[in-house]
Amino acid sequence: MAESESGAEKSEDPTEKRKQDSRKKGEIARSRELNTLAVVLAGTGGLLMFGGALGQRIMQVMHKNFSLPRELLLDERYMAISLLQSAQMAGDALVPLFFMLLMAAIIGPVSLGGWLFSMEALAPKFSRMNPLSGLKRMFSMKSIVELLKALGKFSIVLLVALFVLARARNELIKFASEPLEMAILHSMQVVGWSALWLACGLIVIAAIDVPFQMWDSKQKLKMTKQEVRDEYKDSEGKPEVKSRIRQLQREMAERRMMSAIPEADVIITNPTHFAVALKYDTEKGQAPILLAKGGDFLALKIREIGNEHKIMLLESPALARAVYYSTEVEQEIPAGLYLAVAQVLAYVYQLRQYHAGKGKRPDALKEPEIPVELRRDE
C-alpha cells in the first residue's frame, strides 16, 4: 500500500480534481517501451515496404557517382551539384520511411494516456539539480525496476538476435556469391525481416511495461483520507465560509422581500406566528403573487412595515399557514387557494370602497375554506 510523505496510508482512489491537476502537470502514464516498440515496428515495416525502392535508389546514387567522366572530376562546381543531386535522390527515397517513423513517434505516446501538452512539464525544476535528490532517485524502487527492465530487454533482444543470426546464417553467406545489385536488394530484405523479429521481441517487454506503468500511475495518484477532506474543503469551501455566504444570501433575500411589501394589497396573519403579503395585478389578470412571508420575528417585521404603509392586515390563521407552506416568495399561489384568496381580496376591495364613502360596510370576513391537501395545522 502506497504511503504519503507524512507516512499516512494512501487508501483512497484519486478524485477527478486530482486527476485533472496531474494531467496539467504532465504526470500521466507513459511507457518508453511502448514508444520504442512503435518506432521500431514502423521502421521495420517501412524497410519491408520501401526497402526495394530504397536499395534501387542507393544503387542509382552509387552508379551515378562512381561512373563520372574524368573531366567532370576536375570540375569543382560539378562536384557540388552532384552532391546536391545525390542527397536529393537519397532524401526522396527516405521520405516515406521518415514519415512512418514520425507517425509512430506521435502515435506511440498518445496511445497510452492520450494527447497532452503541458507547459508545467517543460518548466525547469531546480529541485532536480539537488545531488541528494539525485542519489535518492538512483537507489529508489523505480530505478531498480528500470534496471530490471533494461536487463530483461537486453536479454530478450540478445536471444532474438542470436536466433535471427542463426536462422539467416546461410543467407548471409550467399551475399558473397551474389552480384552487387542483387546482394544489396537481398541484404535490405534480410535486414528488414531481422529487424521485424527483433521488434517482436520488444512486444513482450511492452506487454509487461504498459500495465505496470498504468498501475504505478494510479498508485501515485492515490490519496490519504486527510487529502480527500482537504481537497473537499478547498473545492467546496470551508463550512464556516459556506455558512456565512448562506447567511448573507438570506439577508439579501429578506431585504429584497421587505422592500416589496409596500406594493402588497393585503397582509394575512396568523395572527402572531405567520404573516404573508399578497398582491393581485388586475391588469395582468394572473393569480395573486406572494411578495413576502415570515414567521415569528420576521412576521412581526412584515406587520410593522404593513402598518407603516397603511396596508390592510387581516387575521386568517388557516389561510396564512396554507399560503406560507405552499408558496415561495415571488411565486403565484396554488390553484387550490384561488377561491380563498379571492374572498379575502374581495373583502379588502369592499372595505376600501366603504372607507372612500362609495359603499356600505361589508360583513365580517368568514374564515375561508382551505382544501384538505393544503391545510396545515400548527
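Start your tour at the hairpin that joins β1 to β2 through four residues; strands here are DSSP runs of E, at least two residues long, and helices are runs of H or I, at least four long, both numbered from the N terminus. This is a predicted model, in which local features need pLDDT of at least 70, side-chain atom pairs count only at pLDDT 80 or more, and totals for chains, interfaces and linings use all residues. Residues are numbered from 1 along each chain as its sequence is written, and side-chain values use heavy atoms, leaving out hydrogens and water.

**The hairpin strands**

Select 266-269 for β1 and 274-279 for β2: they pair in the antiparallel sense over four bridges (pairing requires at least two DSSP bridges between two strands). Across the pair, Val 266 stands opposite Leu 278, and Thr 269 stands opposite Ala 275. Stay on β2 for a moment: five of its six residues are buried, so this strand is largely enclosed by the rest of the structure (buried means under 20% relative accessible area with a 1.4 Å probe, protein chains only).

**The rest of the sheet**

Look for Lys 279, whose bridge partner in β3 is Ile 289. Show all four strands and you have an open sheet with mixed pairing, in the order β3-β2-β1-β4. From one strand to the next, the twist averages 20°.

Contact means heavy atoms within 4.5 Å; axes are lines fitted to C-alpha atoms, for helices over the stretch in contact, and angles run from 0 to 180 degrees between N-to-C directions.

**A pocket elsewhere**

Which residues lie nearest the centre of the second largest pocket? Select Lys 19, Ala 29, Ser 217, Lys 218 and Leu 221, from a lining of 14 residues. Helices α1 (16-24) and α9 (180-221) each supply at least two lining residues, and α9 gives the most, with four.

**Zoom out**

Finally, show everything: the protein has 14 helices and four strands, and 30% of its 378 residues count as buried.

Methods. On a 1 Å grid over the protein atoms alone, a cavity is a set of points where a 1.4 Å probe fits but cannot get out, and a pocket is an open set with protein on both sides within 12 Å along at least five of seven lines; lining residues have an atom within 4 Å of a point. Buried means under 20% relative accessible area, exposed over 50%, partly exposed in between (1.4 Å probe, protein chains only).
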